[in-house]
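Try each task before you read its solution.

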There are 2 protein chains.
Amino acid sequence: MSTHTVQTLETFAGGVASPQGFTASGQYVGIKAAGRGLDLALIVSDRPATAAGVFTTNKAQAAPVTVSKAHLAATSGTARAVVVNSGCANACTGAVGMQDAKEMATLTASLVGCPTEQVLVASTGVIGVNLKMDKIRAGLAGAVAALGSDQGPAAAKAIMTTDPFPKEAAARVSINGVNITVGGMAKGSGMIEPMMATMLGFITTDAAVPRPLLARALREVTDDTFNAITVDGECSTNDCVMLLANGASGVTIDASTYDAFADAVRAVCLPLALGIVRGGEGATKLVTVNVTGAASAKEARTCAKAIANSPLVKTAIHGGDPNWGRLIAVAGRAGVAFELEQAAVTIGPVVLFKDGRPYDEFAPEAANYLKNDELTLTVHLGAGTASSTVWTCDLSAEYVKINAEYRT
Amino acid sequence: MSTHTVQTLETFAGGVASPQGFTASGQYVGIKAAGRGLDLALIVSDRPATAAGVFTTNKAQAAPVTVSKAHLAATSGTARAVVVNSGCANACTGAVGMQDAKEMATLTASLVGCPTEQVLVASTGVIGVNLKMDKIRAGLAGAVAALGSDQGPAAAKAIMTTDPFPKEAAARVSINGVNITVGGMAKGSGMIEPMMATMLGFITTDAAVPRPLLARALREVTDDTFNAITVDGECSTNDCVMLLANGASGVTIDASTYDAFADAVRAVCLPLALGIVRGGEGATKLVTVNVTGAASAKEARTCAKAIANSPLVKTAIHGGDPNWGRLIAVAGRAGVAFELEQAAVTIGPVVLFKDGRPYDEFAPEAANYLKNDELTLTVHLGAGTASSTVWTCDLSAEYVKINAEYRT
């Protein structure tokens, strides 16, 4: 990260339509039941944008994921538009589902005026139900008509399922004296929602970014942000993050300015990712889990994810219990190098286990710290020098209630 | 499994002191707070028994685990007694903890009249707290004095932490016309209890069993029973299962009678394992998860465990929601071979997804089935012919309450 970048990177209230040349819209077309909010979002670039995507690794991959991957391959990473519906995941829907996802792209392409392959598709909502294509056919023209550079907030609302709030972010950075802008929106929390699949993220920029650098930025930033969060350890059938760069700022990113660009993308993706955790079902606390002293970065991440998904850790956090024994027990079972005699557990600023012995006399201080809404837990594995950070939320009775009683 | 075995194997109400030559006791010595139940258990054989153990793979291994493993190694698998305390796990307790675990063995050995190395030690309870050795020193003689062949039930109670009920089982089988008996007791539910570590299992038999066959039986049966259950996916610092064979029946097991013996051990271990699941914190349902059509037995087990630990599956079961999409989503993310088009989901007798398409018209029938207390879920992966079965419980708000509010 150059000094130059640090001085000029700034975040601001904005979203996918903040970068030059991008418009967006969010409409209600009737996929969701009436009164459940908007359900169709569009993002359109006024010129072909270079595009990159990262998609779910779930083998039960939804039809829109298959179609978007095929379109990115067919165009070598070029897109004019993204069409997204909420209220139906179009997953486990067989041949009809594939046809529907393709038709969403075809209809959008004809309205926007571009090849079908330059339209990317995403869906989120109930698994195993077919899309109401009559509603989408009837509503798409209105969604195109509503496109505007001030409609990012509507688009961010239209991709929500049971998210408690929309998630948008934007950043600008000066590259050789000219501002470029990065904007984004996201929804969902893993597979936390009842019968609802997906974390979706959409990032736009008016920088011109060569495809290899665009793909690299998306991969690197996603790994540190969207892939570093967990609510319940569930990976959905529909997850995707897409990044579109249309060059409208006139600034072209190259190797010398890559770091500044990637930092701006990170400045957008991190608050979106943390917003997903904050909006997790039943969540009352945002928890930063640091694992240090690991034998490798991969082992550090593995252990941090195991801690972040542990029901015993998450319930202890919910109850404000500085239960360091549970953190040690998870570290010991995570399948990574771990040396008990060199290990340490720190809750906020309070060391509770170190040099093979407990410091339970500090438990009251740690309990007091756990009353905060944003918490940091650090586990030192005593096995090396690598580290990793992931973010999670607590596990509350409300999570169980929401997920057990969805259909009742 | 021979026809002979099937005809003569019978289970009965009994426990660790049911096989000939074994006695047991359960006492209150003051490790737990008064009113929280018994806290010291002994199992003694009147002659040296061959012994085998399987222990936690957690790298934060408790002192009694280290000591018991060392004793089994030193004696090549010979034991006269097992001493167990509840209320304190003696885990993460450093050098003092090791000294305490060794002293428990030494004191027991002098009272029983055997070498220290012929005593196995186990502890369960709070992590990170030292044992009250004064209480153990003062109480052990009384525990030895209380030994009796009718005291298995007391021993089963003395190893409980917050288990809702004691878990005992016994079986007898005729080997060449002579009965041998297998008895056992178990406690705990993985790491489900607040600050409580451990599933412990103790199995005795009056058969004479050569060490290689004893170790094989313990390994094979544990894999199908104790290792096939999960409550919350947590592996504790203290888990162990020990099997002692003293030969008092006069029957020696060999290759030709191994299957009959292993079946008797299984007939004891399976109800103990299912008892642990039934007694899981907040559990209201016992769920059998079958995975079929897997590429290998290992992949079948991996997928079954992923389903059994999925918070979305477990909350859906709790709420009686036949949410087959969640089962497909877990199968797709479990890292095993999976073919959506050949996959199927069956809840009880009701097929809800097959041949790549939903059968949601049967959802009401499945919802009705889910009102039962004992349930079977079957996921066919469409990728081969291997299968696996695991057992789990539902995830209720009560689990969160118990684990969040332990210290409040």
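**Exercise 1: two helices in chain B**

The axes of helix 3 (residues 94-112) and helix 4 (residues 133-145) of chain B come within 10 Å and cross at roughly 25°. Task: find how these two helices of chain B are oriented and which residues meet.

Before the solution, a word on the model. It is predicted, and local features need pLDDT of at least 70, side-chain atom pairs count only at pLDDT 80 or more, while totals for chains, interfaces and linings use all residues. Residues are numbered from 1 along each chain as its sequence is written, and chains are lettered from A and ligands numbered from 1 in the order in which they are written.

Solution. 
- Step 1, the terms. Helices (H or I, at least four residues) and strands (E, at least two) are DSSP runs, numbered from the N terminus. Axes are lines fitted to C-alpha atoms, for helices over the stretch in contact, and angles run from 0 to 180 degrees between N-to-C directions.
- Step 2, the angle class. Angles under 35 degrees count as roughly parallel, over 145 as roughly antiparallel, 65 to 115 as roughly perpendicular and the rest as oblique. Crossing at roughly 25°, helix 3 of chain B is therefore roughly parallel to helix 4 of chain B.
- Step 3, the hand. A crossing is left-handed if the near helix is turned anticlockwise from the far one by less than a right angle, and right-handed if clockwise. For helix 3 and helix 4 of chain B the crossing is right-handed.
- Step 4, the residues. Contact requires C-beta atoms, placed from the backbone, within 7 Å. Helix 3 of chain B brings residues including B:Met104, B:Leu107 and B:Leu111, and these meet a set in helix 4 of chain B that includes B:Ile136, B:Leu140 and B:Val144.
- Step 5, the classes. Ala, Val, Leu, Ile, Met, Phe, Trp, Tyr, Cys and Pro count as nonpolar, Asp, Glu, Lys and Arg as charged, and the others, Gly among them, as polar. The contact of helix 3 with helix 4 of chain B divides into 9 nonpolar, 1 polar and 3 charged residues.

**Exercise 2: a helix pair in chain A**

Task: at what angle do the axes of helix 6 (residues 211-224) and helix 7 (residues 258-278) of chain A cross?

Solution. 
- Step 1. These axes of chain A come within 10 Å and cross at roughly 45°.
- Step 2. That makes helix 6 of chain A oblique to helix 7 of chain A.
- Step 3. The crossing of helix 6 and helix 7 of chain A is right-handed.
- Step 4. Among the residues that meet are A:Leu213, A:Ala217 and A:Val221 of helix 6 of chain A, and A:Phe261, A:Val265 and A:Cys269 of helix 7 of chain A.
- Step 5. This contact between helix 6 and helix 7 of chain A has 8 nonpolar, 1 polar and 3 charged residues.

**Exercise 3: a sheet and its helices**

Task: in what order do the 6 strands of the open sheet in chain A stand?

Solution. 
- Step 1. The order in chain A is 14-13-12-15-11-16, with mixed pairing; two strands pair if DSSP finds at least two bridges between them.
- Step 2. Strand 14 and strand 16 (386-393) of chain A are at the edges with a single partner strand each, so one side of each has no neighbour in the sheet.
- Step 3. Strand 11 (residues 286-294) and strand 15 (residues 374-380) of chain A pair in the parallel sense over 7 bridges. A:Asn290 is opposite A:Thr378 in strand 15 of chain A.
- Step 4. Helix 8 (residues 297-309) of chain A lies across strand 11, strand 15 and strand 16 of chain A, at about 25° to strand 16.
- Step 5. Helix 10 of chain A lies across strand 12 (344-347), strand 13 (350-354) and strand 15 of chain A, at about 135° to strand 12.

**Exercise 4: where the chains meet**

Task: how many residues of chain A are in contact with chain B?

Solution. 
- Step 1. 48 residues of chain A are in contact with 48 residues of chain B.
- Step 2. Helix 9 (311-319), helix 10 (324-333), strand 14 (357-358) and helix 12 (397-404) of chain A each supply at least two residues of the side that touches chain B.
- Step 3. That side of chain A has 22 nonpolar, 16 polar and 10 charged residues.
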